[in-house]
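Student: I would like to learn how to read a protein model feature by feature. Could we take one kind of feature at a time, with the general idea before the case?

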Amino acid sequence: MATFEPVLSRNVGHPEVREVAGYKKRGGYAGLAKALTMEPDEVIEAVKASGLRGRGGAGFPCGLKWSFIPKQSDKPKYIVCNADESEPGTFKDRLLMEQDPHQLIEGCAIAGWAVGAETTYIYIRGEYTYAADVLEAAIRDAYDAGVLGSSVMGKGFRHDMYVHRGAGAYICGEETGLLESLEGKRGQPRVKPPFPAVIGAFGAPTVINNVETLCCVPHIIERGAEWFKGIGTDERNTGPKLYAISGHVARPGTYEHPIGVPFSELLDSAGGMLGGAELKAFIPGGASAAILGPKHRDLPLDFDQVAKAGSMLGSAAVMVMDESVCLVRATMRLSKFFNHESCGQCTPCREGTNWMELLLRRLESGGGSTADIRVLGEICEMIAGNSLCALGDAAAGPVRSLVANFTDEIEKHIEHGGCPYEHRRYFSPST
Amino acid sequence: MSDTPETPRDDGASAATAAEPSFPPEARARLDEIKSRYPEGTKAALIPALHIAQEVWGGWLPEEAIRAVSNELGIPTPEVYGVVSFYDLFHQKPVGRHRLRVCTNLPCQLRGAEEIMEVLRDELGVAEDEVTPDGRCSFTHFECLGSCDTAPMMMLDDRYEENLTPERVREILKELE
């Protein structure tokens, strides 16, 4: 394969692209200009043909999602950009918004044209104040330049765009939790169906896409579906992908690769293991994904191959742990997160996440027994698939893998009467 | 109304106690613009209004702030409380003039977040979620803040402080007013 040229991150380090003029100079808004010369259905077909799958975690085909929006609607339709990025380990969307805000604005406007929506709400997590400021300034500039407003690029299509700040709740990254929050309520996920394409924001048909997904769209329109399909591992895993790698690596950061880059190659781009330490484990797709061991070092990081290995690509947040890490403690921290973030609506999730954290905490502090291994596994089975949204399954992800793949790690805790590791740099039981 | 004399309307002191709390003019102007972004008859301006209220009322939401939001938007106070209690960025207890939120989720913990929490405990001499006696600071642990490439990190008021070391944390604390 020829050398891969960054697509989504090509403007990183070019601060002039935060203004319309600078963005256009580097080729920006060509995708939107082209889209406006196409029929909306042709735009949807192009996105479908590209094979683009959602970059927020679920990997749902983007074009298909757009095609669910009814053509005729007596209510206004909406584009909602999911910029809630709260999956632990994930920071790629922040880079896209801070470094290249117009790429996202362009993607949202094309989505609006494709489905006939006149308004985009960018729902951004409340903590991203800087990214929100950058986006708001870029949106103002886009209005001034005639890119947004009553006649997008002079073509008579109206599109308005607003940034909506959240207020700190992981569950608002779940699309119906997000909609509830956008409507000024507690972010508790809705019963589905109806799906947002039919009844979404304010009771109207709504497309919800992740930041990175929407950022792919201008390039697909400009360069064509075939070009996009030419990047990646196969026809189900296409296009460029941002990988956010953190933990015990020399240069944590966001790296762009064709989707399906092997973990080992990604690790190399991040400078390898911190201090040359040994790899003990990695999580390939955020806190919700199963923990994998060194035998998966060469695993191609695409949706299907990571799933086949028993984990998931999720948001492609790759967390790397060296041999000094206690996996019981690491999993305990993730369980604490899910326990805190469970919205409390569904009993299996609300109670189960709490019990998982308590059991792991007990193993870590020395009160664990072999029965805990079985009970932890049972709790996972009781939560997964038994809640309205995917948070329950997500909470079970890392715990299930600890029990199944790292049983010896738990057994060592039981034999040792507590954690056998030294935690110079790590967790105290209180956090 | 009886014909006994009422407290005059222009009596500032009693008006302030009697009147229902509301937003100061600048905050209301901001809120009015925000309201125009959403379809009429919806409550979508509630979370933006709470962000504004929290700025106006010194970083947290006392009862007066909740009632002001309720009055501005015509949303009953229990419903406003219900929303406030759901979100981690809204506070129902007093906070310091400066608020430190330390990310302690896995990627930051792998890079030393726990030590950062210890330094804050030692330097500020208060426990998590308490305010220093001079009202200057309060600190808390937080879930992932999306800055794992610059771990460990914390949010100081509205900005990110990244690649922290114990020394750097001590410097930051010294610079705070």
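Tutor: Let us start with a sheet: in chain A, 4 strands form an open sheet in the order 8-7-10-9, and the pairing is mixed. Helices (H or I, at least four residues) and strands (E, at least two) are DSSP runs, numbered from the N terminus, and two strands pair if DSSP finds at least two bridges between them. This is a predicted model, in which local features need pLDDT of at least 70 and side-chain atom pairs count only at pLDDT 80 or more, while totals for chains, interfaces and linings use all residues. Residues are numbered from 1 along each chain as its sequence is written, and chains are lettered from A and ligands numbered from 1 in the order in which they are written.

Student: In what sense do strand 7 and strand 10 of chain A pair?

Tutor: Strand 7 (residues 240-247) and strand 10 (residues 317-322) of chain A pair in the parallel sense, over 4 bridges. Within strand 10 of chain A, Met319(A) is the residue that stands opposite Ser246(A).

Student: How should I read the packing of helix 2 and helix 3 of chain B, and at what angle do they pack?

Tutor: Axes are lines fitted to C-alpha atoms, for helices over the stretch in contact, and angles run from 0 to 180 degrees between N-to-C directions. Helix 2 (residues 25-35) and helix 3 (residues 46-56) of chain B pack at about 165°, with their axes 10 Å apart. That makes helix 2 of chain B roughly antiparallel to helix 3 of chain B (angles under 35 degrees count as roughly parallel, over 145 as roughly antiparallel, 65 to 115 as roughly perpendicular and the rest as oblique).

Student: Which residues make the contact between helix 2 and helix 3 of chain B?

Tutor: Two residues are in contact if their C-beta atoms, placed from the backbone, lie within 7 Å. Helix 2 of chain B contributes Ala27(B), Arg30(B), Leu31(B) and Ile34(B), and helix 3 of chain B contributes Pro48(B), Ala49(B), Ile52(B) and Val56(B).

Student: How many residues of chain B are in contact with chain A?

Tutor: There are 39 residues of chain B in contact with 47 residues of chain A. On the side of chain B that touches chain A, the largest share, 5 residues, comes from helix 3 of chain B.

Student: What should I look for in the backbone itself?

Tutor: Most residues other than glycine have a negative phi, and most peptide bonds are trans. The bond from Lys192(A) to Pro193(A), however, is cis, with omega near -5°, and a cis bond also joins Pro193(A) and Pro194(A), with omega about 5°. Pro193(A) lies in the loop between helix 8 (175-182) and strand 4 (206-210) of chain A.

Student: What is the phi of Met153(A), and where is its place?

Tutor: Met153(A) is not a glycine, yet has a positive phi of about 50°, and its place is in the loop between helix 7 (129-144) and strand 3 (160-165) of chain A. Met153(A) counts as partly exposed because it has 17 C-beta neighbours inside 10 Å (a residue is buried if 20 or more other C-beta atoms, placed from the backbone, lie within 10 Å of its own, exposed if 12 or fewer, and partly exposed in between).
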